[in-house]
Structure formats: structure tokens, C-alpha cells
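Here's a quick briefing to read alongside the model.

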Amino acid sequence: MLPSSTNIQNQPEDTKWLSAHYDPVSGIKTFSSCITLADLTGNNEYNLIIADHGTEGKKDMKLKVYRGVNLHTSYPLLDFPVAVESFFMDENEPRVPGIAVASGPFIFVYKNLKPYFKFCLPPCDLHPIEDELWTSYREQRLSVNALRDRLIELRNSGNDKNPLTVRSLKLALLHPDDVEDFARLYRDEPLRRLTVVTCMTTVNRSHPEPGSVCSLVFGTENCNVYVMDSEAFTIIYKGRVNSAPVFINAQGVFDVEWRLFVACRDARIYALKRDGEEGVCLASLSNQILGLERVQKQIYVGCMDLTLVCCQLKVVGCGSLIFPQQCLQCAL
């Protein structure tokens, strides 16, 4: 577990935490999910890979590769990064992993330190009434003012299962003088509603050995969990949980037997199996989850109430430990 006081220099002398490297002027702003290690050249020299959020919002976001403590190369990112994973996409020699960066509705894949592929999430289901309204406007059976009024009514109806697209929400917020120009600009464009990636991990595809070909596993804002083939870049599994995933831990081999443990924003832990698409609730916690790791048949979860919770599979109830500081991240 990582304590909240990240400045190890100010820790007391009897602290159990070791200072491996400390640089107060590094200028890096990121999450722990956006940091990974990978041997990018196949010579057993691991590089530190960081998706930097930047200091000026979307103007300075970069994927940075470090050799030692020195910056080796960097690439600009088009959207806010939420997760970075290294994974083997094929059996080709030399064994060089790819780097997957989840940003918004896209997963950008880099190989040999170069952009390789951009994967777009599957579009979400549209609200049927919203789709009908835009079709009527496109066919000139509905005026732009009537379109805006109907969209505002639809937005206020509180339908959470199929929320409106960004286009409709923006149209409803525009000043009445700007509505006609905006609607005319997007009138002939297809209506799409995309979600965003919230977390990501990997699962071995055919063999359990380290360094085997992996598939990407990622959760989305609309409460879905996907497994993506790393060679064809297609969805090979889709599951669903009751809340947006924030952490995912994969167990097993996808072609044989596997299980996904998903921590969600509703402070619950769900399990997804190969033969099911609906998540099964394993534990319901009293506070928000800040990290999740699995050790054999035990799941360790760090929570916002200064506790480390341990849940055992097939055993009812959880044990907990109280820590003196706030947990920021759990890792093995």
C-alpha cells in the first residue's frame, strides 16, 4: 500500500517505507494507473512509462518513456489518459511488448516506440426518442425550436439507462439564437453516443506463463467490461456490472478458465466468469474503494476510511485492518 504522505523525506526515522527515488521538481502529474514498466527493446532493460496529464490540461498531455531517471522519448496524447498497460500482442521475435493507453473513448496502442493502432469503443445504444427527433428534423418534419424543446423535456425526464448524446445535451444548453446554426451543422451527421474507459488490465490469452500473448481487459463508464483480442483488435467478451468499474483484476487464462474481479463506484466488488455476462456481487463495502489486488484466493481492498479489507472467495464476511494514514494505491 502507498501512504498518502508521498514525500518520504519528511517521514520519521522509524518509518517502514524506503526512498528509492525522490525528485520534487520532476514536473510529472499522473495517476498510479498511468505508470508501468516494460522491456521495450527485448534486452531485459526495463523502461519506466508514464502517461503525463500535463500542467495545462489537454495542451500538455504526453506519453513519456524513461531510461533510468532520464527522459528517452515522449508522444503527445489526444485525450486525458486514465490507464496504461504493457502487453504482448503476438509471438514474433524479438519479444517486444506493446503499450496501450486508454484515453476517452479510445485505446491507443504503441509498438517499438511508435504509434501502432487506435481502437474505438463500441457505440452505446441511443435513446429511441432522441434518434427519432433528429430523424424528424433531418427530414424537415420538425422545426429546430421544437427539436430543442423536445430534447430539453427528454433530458429532464431522468432516463439514466439511455442518456442523451453530447450533441443533444449541447443543443439544449445553447442560447436560442445559436440553436439553428448548431443544428444545421450536425443535421446530416450520424448520431452516436460514445462512452469512455475508466480502468484497464490484461489477461493471458492461451498460456499462463509470463510473457505470453495477452488480451486487454477494460471497464467503461456505462458499466460494461470488455475483453479485446490483441491481434485482431476486436471485442471477444462483454460483461456488465451494476456500477462504473474503477479497478479490475484478472485471474486465469482466457481460452481455458478465467475470472474478473471488478471494484466499482458503488463500493462493491463483482465477479465475472467465462460463462456469464452479468457480474455477481462478492462483497459490499462501507466506503469507496481506492485499490484492489488479489493474492491466490484472497482479495485485498484499500478503502477511504483508512482500512485494508480482505475478502476470501467462497467465504462469507471480510476482515479489515486500520491504518494511520490514507491509502492511495494497492499493488503487489
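What volume does the second largest pocket have? About 850 Å³, taken as the space filled by probe spheres set on grid points joined across faces, edges and corners. This is a predicted model, where local features need pLDDT of at least 70, side-chain atom pairs count only at pLDDT 80 or more, and totals for chains, interfaces and linings use all residues. Numbering runs from 1 along each chain as its sequence is written, and side-chain values use heavy atoms, with hydrogens and water left out.

**Pocket**
- A pocket here is an open set of points on a 1 Å grid over the protein atoms alone where a 1.4 Å probe fits, with protein on both sides within 12 Å along at least five of seven lines; lining residues have an atom within 4 Å of a point.
- Of the 31 lining residues, C124, D125, R193, L194 and T195 sit closest to the centre.
- α3 (166-173), β12 and β13 (235-240) each give the lining at least two residues.

**Core**
- The largest nonpolar core has 18 residues: buried (under 20% relative accessible area, 1.4 Å probe, protein chains only) Ala, Val, Leu, Ile, Met, Phe, Trp, Tyr and Cys joined through side-chain atoms within 4.5 Å.
- F87, A102 and I107 are among those with the most contacts inside it.

**Sheet**
- Five bridges join β19 (298-303) to β20 (307-312), and G302 has L308 as its bridge partner in β20.

Definitions and conventions
Buried means under 20% relative accessible area, exposed over 50%, partly exposed in between (1.4 Å probe, protein chains only). Two strands pair if DSSP finds at least two bridges between them. Helices (H or I, at least four residues) and strands (E, at least two) are DSSP runs, numbered from the N terminus.
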